[in-house]
Amino acid sequence: MSELVHLERTPNGVGRITLTRPKALNALDLGMVRALTQALRAWRDDPTVVAVAIRGIGKDGPFGAFCAGGDIRFFHQAALAGDARLEDFFTEEYALNHLIHTYPKPYIAFMDGVVMGGGMGISQGGRWRIVTERTKMAMPETNIGLFPDVAGGYFLSRCPGHVGEYLGLTGAVIGADAALAWGLADRAAPAADLPRAWDALAQLDADSPAAFDAAWVAWMDAAGWRSAPVAGAVPLASEVQAAFAAPDVAGIVAALEAAGTDAARHTLTVLRQRCPLMVHVVLQQIRRARGMTLADELRMERDLVRHCFHPHHLGRSPAQSETVEGIRALAVDKDHQPRWNPARLEDVTPAMVEPFFVSPWPAYAHPLRDVA
Ligand SMILES: CC(C)(COP(=O)([O-])OP(=O)(O)OC[C@H]1O[C@@H](n2cnc3c(N)ncnc32)[C@H](O)[C@@H]1OP(=O)(O)O)[C@@H](O)C(=O)NCCC(=O)NCCSC(=O)/C=C/C[N+](C)(C)C
């Protein structure tokens with residue numbers, strides 16, 4: 001088990017999980033992934049457990065930060081050292097994401113503060129995704145030369161219209177209203193309500209998951225937690241969303257340039273800062289994911305992540321991976337000056353993108369072959 005995950009089972013049958021790594025915004029390491037998987041499986045199979053809830057510890061105590069994703073500093077170090085645990089991490093984290101998406105009992109995620117990357121992976125599959133006025137939600141991976149994994153292709157591709165492409169390509173950070181509007185949250189609560197909600201979970205009286213769910217809905221309704229965005233909140237300018245309907249990255253860039261509004265200009269500036277190669281890959285990922293089951297999408301992600309860290313098809317070693325460079329710039333050297341290769345969106349060719357979608361494994365040997 002991990003000292004960075006606190007687990008408890010309340011007398012009324014609720015499994016409560018607290019991520020306790022506030023100094024790294026509860027970033028997930030392999031031990032945490034394993035602790036979560038083990039607890040969730042045990043509670044799934046325990047008939048006396050009726051629901052599960054998860055929160056993070058922030059710098060001032062419980063709540064305030066949910067999870068900033070996988071431990072990117074470990075990825076960097078492990079990739080350079082050829083550490084085999086990196087591959088285990090990918091497989092086990094995606095399997096955990098699948099477990100949460102298919103969990104047979106109410107899974108309640110308190111997504112207060114930062115919810116990014118792997119943090120979305122341990123919340124988006126839940127039955128109840130609770131956001132607050134402090135929520136900062138994103139799939140920011142193109143900023144580190146990666147792609148929105150942890151089932152990101154699955155849930156982004158299910159957002160309305162072309163919002164998923166917008167979120168995945170730009171890594172935009174959104175708040176509670178946008179999350180509600182785009183199907184990435186179920187309820188918005190005042191952050192001040194969360195401590196008493198956590199306590200209430202241990203007091204609701206229910207003898208089955210369905211009865212617990214009904215009692216929890218009644219509790220949230222009584223607390224006045226919203227299930228819709230504030231009227232009139234427009235989370236994304238229409239011309240920006242329309243641009244992301246273009247068939248390819250060149251078309252998106254052209255549409256943003258043609259729109260000429262402040263919102264379009266800002267979006268284009270952001271897009272040009274992201275990893276050009278991964279912007280192209282992510283557009284393909286999200287478009288392909290629309291027609292995929294969750295399990296197939298996760299298998300595609302497993303292929304993609306292998307190629308990101310082992311870009312042999314680009315004639316590069318792991319040390320020359322875009323992801324290693326992106327993490328170096330953001331979290332290791334912190335110079336925020338990634339040297340992307342290719343450097344411009346216009347220099348990426350289909351021949352660089354297509355190999356990402358070829359699996360390095362035959363189906364019978366795929367690391368996620370048993371995920372259904
Ligand atoms: C914008 C962020 C989240 C917050 O910015 P801030 O300025 O409020 O806080 P700061 O950057 O100073 O962060 C505080 C410390 O936490 C460390 N940190 C933050 N995020 C991570 C992380 N994901 N892994 C490891 N450590 C993290 C940060 O280095 C600071 O530590 P020190 O004080 O310097 O010691 C900003 O932190 C940010 O942009 N973080 C990265 C967010 C991100 O890219 N998330 C996605 C990661 S990829 C992922 O989740 C995929 C996983 C799947 N798989 C494993 C299969 C690839």
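Q: Why is L4 called buried?
A: A residue counts as buried if 20 or more other C-beta atoms, placed from the backbone, lie within 10 Å of its own, as exposed if 12 or fewer do, and as partly exposed in between. L4 has 20 other C-beta atoms within 10 Å, so L4 is buried. The model is a predicted one, in which local features need pLDDT of at least 70 and side-chain atom pairs count only at pLDDT 80 or more, while totals for chains, interfaces and linings use all residues. Residues are numbered from 1 along each chain as its sequence is written.

Q: Where does L4 lie, and which residues does L4 touch beyond those up to four places away in sequence?
A: L4 lies in the segment before β1 (5–9), where strands are DSSP runs of E of at least two residues and helices are runs of H or I of at least four, numbered from the N terminus. Two residues are in contact if their C-beta atoms, placed from the backbone, lie within 7 Å, and by that rule L4 touches L19, T20, R21, D29, G31 and M32. The C-alpha atoms of L4 and L28, 24 residues apart along the chain, are separated by 8.9 Å.

Q: What makes P190 partly exposed?
A: P190 has 13 C-beta neighbours inside 10 Å, and therefore counts as partly exposed. The residue sits in the loop between β9 (187–188) and α8 (194–201), and, leaving aside neighbours within four places in sequence, P190 is in contact with T132 and E133. The C-alpha atoms of P190 and W225, which are 35 residues apart along the chain, are separated by 7.7 Å.

Q: Is L25 buried or exposed, and what is its phi?
A: L25 is buried, because 22 other C-beta atoms lie within 10 Å. Phi of L25 is near 50 degrees, a positive value in a residue other than glycine, and L25 is placed in the loop between β2 (14–19) and α1 (30–45).

Q: Why is H336 counted as exposed?
A: H336 has 9 C-beta neighbours inside 10 Å, so H336 counts as exposed. H336 also has a positive phi, of about 55 degrees, although it is not a glycine, and it is found in the loop between α15 and α16. P342 lies in the loop between α15 (322–332) and α16 (350–353), and the peptide bond from N341 to P342 is cis, with omega near 0 degrees.

Q: How do you know that the radius of gyration agrees with a compact globule?
A: The radius of gyration is taken over C-alpha atoms, and the globule rule is 2.2 Å times the number of residues to the power 0.38. With 372 residues, a compact globule would have a value near 21 Å, and the protein chain has 20 Å, so the chain agrees with the rule. The C-alpha atoms fill a box of roughly 60 × 50 × 40 Å along the principal axes, and 49% of the 372 residues count as buried.

Q: What makes a residue part of the shell around the ligand, and how many residues surround it?
A: A residue is near a molecule if its C-beta atom, placed from the backbone, lies within 6 Å of it. 24 residues surround the ligand, and the closest are A27, A68, G69, G70 and G117. The elements that give two or more residues to this shell are α2 (72–81), α3 (85–101) and β6 (114–116), with the largest share, three residues, coming from α3.
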